[in-house]
Amino acid sequence: NTAKAIVSTSKSFYEMVKVSFSGPSSQDILSQIEAISQLEWKVDKKKHKLSQKLFANEDKYETEMNWKLAIDTFGETYHFSVLHKNSLFESFHGNCQLFDSFKRNGRLILCKRTIDDMRKLPESEWDICAGSLPVYYLFPNIIFMPTPEGAFLVKEYPAEKSPHKSFSKISFYFYPHVLEQIDQLEKTGVDAKQLLEDQYSGFSSVIQDEDYVAAASSHKGLL
């Protein structure tokens with residue numbers, strides 16, 4: 001039961017459990033609604049809840065591939081230097097991540113290039129979201145990524161009762177104090193809201209134009 005997922009649990013290996021070919025069941029979806037509303041995670045030894053963040057935007061993408069391939073695009077970073085050489089690879093180290101699992105759920109810690117400067121600081125000043133990107137896989141079809149500003153939430157679904165079609169919903173959340181700072185900057189004449197829009201549009205474009213294009217091509221190769 002994932003009704004309340006505490007993502008600070010660690011183990012010595014990573015194991016992602018796949019679900020049946022037909023996709024998430026109605027019971028899976030109902031349990032996920034409860035899981036998301038109660039989701040907690042630890043950053044700097046403090047508990048945080050998704051309910052403490054404010055919803056900002058949601059994108060939806062329809063793709064010509066199985067929904068499991070969409071989930072798999074978040075599973076490793078060794079492809080960053082090739083597929084994302086002009087985007088994510090400029091901000092992240094490729095082929096470098098930590099793997100953990102807890103029951104049917106998983107966690108990856110991706111290393112940002114800023115970790116090189118952060119390691120020079122006293123450990124008391126380290127910030128996991130500043131030096132890395134935690135990526136949580138919630139069984140069977142949810143990816144959750146906390147950021148210094150808030151969080152990204154990705155949900156993958158089968159479409160048209162077909163194993164060859166799927167759609168993704170990508171939601172963006174921000175801490176209230178971040179949005180307050182944006183409003184204050186707007187009053188000074190700075191187009192701060194555009195900065196937020198650039199953040200989630202940039203993230204979405206990488207997924208849609210790079211990850212999903214490659215995954216859809218892989219799906220065609222399996223037919």
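Is asparagine 95 buried or exposed, and what is its relative accessible area? Asparagine 95 is exposed, at 54%. The views below come from a predicted model, in which local features need pLDDT of at least 70, side-chain atom pairs count only at pLDDT 80 or more, and totals for chains, interfaces and linings use all residues. Residues are numbered from 1 along each chain as its sequence is written, and side-chain values use heavy atoms, without hydrogens and water.

**View 1. The open sheet.** Seven strands run in the order β3-β9-β8-β7-β6-β5-β4, with antiparallel pairing. Strands are DSSP runs of E, at least two residues, and helices runs of H or I, at least four, numbered from the N terminus. Two strands pair if DSSP finds at least two bridges between them. β3 (54–63) and β4 (92–102) are the edges; each has a single partner strand, so one side of each lacks a neighbour in the sheet.

**View 2. The β6 and β7 pair.** β6 (residues 132–138) and β7 (residues 142–146) pair in the antiparallel sense over three bridges. Leucine 138 stands opposite isoleucine 142. Proline 140 sits in the loop between these strands. A cis peptide bond, omega about 5 degrees, joins phenylalanine 139 to proline 140.

**View 3. Two positive phi values.** Most residues other than glycine have a negative phi. Asparagine 95, in strand β4, has a positive phi of about 55 degrees. Lysine 161 lies in the loop between β8 and β9, and its phi is also positive, near 55 degrees. Lysine 161 is exposed, with a relative accessible area of 88%. Exposed means over 50% relative accessible area, buried under 20%, and partly exposed in between (1.4 Å probe, protein chains only).
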